[in-house]
Amino acid sequence: LFVRKVLDVIPISVFRVLENIVEIQTHKLAQLPVKFETIYLKQYAQLQERYALAKLTNQVSVFTEGVLAMEKTLLGVVRVEPRRILHDGLRKELLRQLAIAMHTTLIFPSLDEHDDSVCIEKKILVQYQHRVLTILDTLAARVGGYRRSVEYVQDYIDMAGLKMWQEETGRLINYVVEQEANKFLRRKIFDEHSSFQSAVIPIPSTIILGPIPSNPNNKTKKKQNH
């Protein structure tokens, strides 16, 4: 446990660099088309952005290089596997970043009743739908940036980055759905009994995916009843 806490500084440092990689890949690097004319080669080259990306990638490899070079050793009677600890730490930090992204982005607006007329009601619902879709697009861009960055640096940290991203994202979503379902179940599944929770790579129990945007349906049903 002590060794894991000490080595946790490396995944945290790696993801600080990854935030800059996400910024470059998401907002600065243009997507390369399958085919383009040679006259546009300089435009798509983006040499300064790619140099900055290569420099950040080198920083990631430097952070992990020392740990990956270490052999298995004994710390007292405990067998320490630095490579496994590093991989668990990277998963833990990725999970934390994904949870924070979902928790801070998925904040849906409340739908207030302004008027009982059908025209006003439809207008409000359309506006609400637009705001919800905007929130989901923002989250998709943020999470997609993490996915591309982890996939990009996977060869430099010697692990299957895309597989790690898929497993931890699926585990996080399944866990939150399971906890949200407790509201409707008599036999509840608490955090410590969840099959998606892990002692080594824990999901923050205080982080949720924000309120479910079910207000439009509720409002519509109430008005139809009247």
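Helices (H or I, at least four residues) and strands (E, at least two) are DSSP runs, numbered from the N terminus. The model is predicted: local features need pLDDT of at least 70 and side-chain atom pairs count only at pLDDT 80 or more, while totals for chains, interfaces and linings use all residues. Residues are numbered from 1 along each chain as its sequence is written, and side-chain values use heavy atoms, with hydrogens and water left out.

**View 1. Overview of the protein chain.**
The protein chain contains eight helices and two strands, in the order α-α-α-α-β-β-α-α-α-α along the sequence. Its accessible surface (Shrake-Rupley method, 1.4 Å probe; for residues, only the protein chains shown count as cover) is about 14,900 Å², with 57% belonging to carbon and sulfur atoms. Of the 226 residues, 36% are buried; buried means under 20% relative accessible area, exposed over 50%, and partly exposed in between (1.4 Å probe, protein chains only). A contact is defined by heavy atoms within 4.5 Å. Among contacts between residues at least 6 apart in sequence, 72% join residues at least 24 apart.

Q46 lies in the loop between α3 (41-45) and α4. Its phi is positive, about 45°, although Q46 is not a glycine. With a relative accessibility of 14%, Q46 counts as buried.

Helix α4 covers residues 47-69, 23 residues in total. The distance from its first C-alpha to its last is 32 Å, close to the 33 Å expected at 1.5 Å a residue; the expected span is 1.5 Å times one less than the number of residues. At F63, α4 bends by about 30°, the bend being the angle between axes fitted to the seven residues ending there and the seven starting there. The buried residues of α4 are L53, L56, T57, V60, S61, T64, V67 and L68.

**View 2. The largest nonpolar core and the surroundings of I21.**
A nonpolar core is a set of buried Ala, Val, Leu, Ile, Met, Phe, Trp, Tyr and Cys residues joined through side-chain atoms within 4.5 Å. In soluble globular proteins, nonpolar side chains tend to be buried together. Here the largest core has 41 residues, and L18, I21, V60, L90, L94 and L172 have the most contacts inside it. At least two residues of this core come from each of α2 (9-28), α4, α5 (82-105), α6 (118-153) and α7 (161-181). Which residues does I21 touch, not counting residues up to four places away in sequence? They are L53, L56, T57, V60, S149 and V153.

**View 3. The salt bridge between R91 and E167.**
A salt bridge is a side-chain nitrogen of Lys or Arg within 4 Å of a carboxyl oxygen of Asp or Glu. By this rule the count is seven. In the pair R91 and E167, the closest N and O atoms are 2.7 Å apart. This pair links distant parts of the chain, with R91 in helix α5 and E167 in helix α7, 76 residues apart. R91 is buried at 15% relative accessible area, whereas E167 is partly exposed at 34%. A network of salt bridges links R91, E167, E168 and R171.

**View 4. Two further salt bridges.**
E93 pairs with R96, the closest N and O atoms being 2.8 Å apart. E93 and R96 are three residues apart in helix α5, so about one helical turn separates them. E93 has a relative accessible area of 6% and is buried; R96, at 35%, is partly exposed. The side chains of E180 and K183 also form a salt bridge, at 3.1 Å from N to O. E180 is buried at 16%, and K183 is exposed at 61%.

**View 5. Helix α7.**
Helix α7 has 21 residues and spans 30 Å from its first C-alpha to its last, close to the 30 Å expected at 1.5 Å a residue. Its buried residues include M164, W165, E168, R171, L172, Y175, V176 and E180.

**View 6. I135 and its contacts.**
I135 is located in helix α6 and is buried, with a relative accessible area of 14%. Leaving aside neighbours within four places in sequence, I135 is in contact with T105, L106, I107, F108 and P109. P109 is 26 residues from I135 along the chain, and their C-alpha atoms are 10.0 Å apart.
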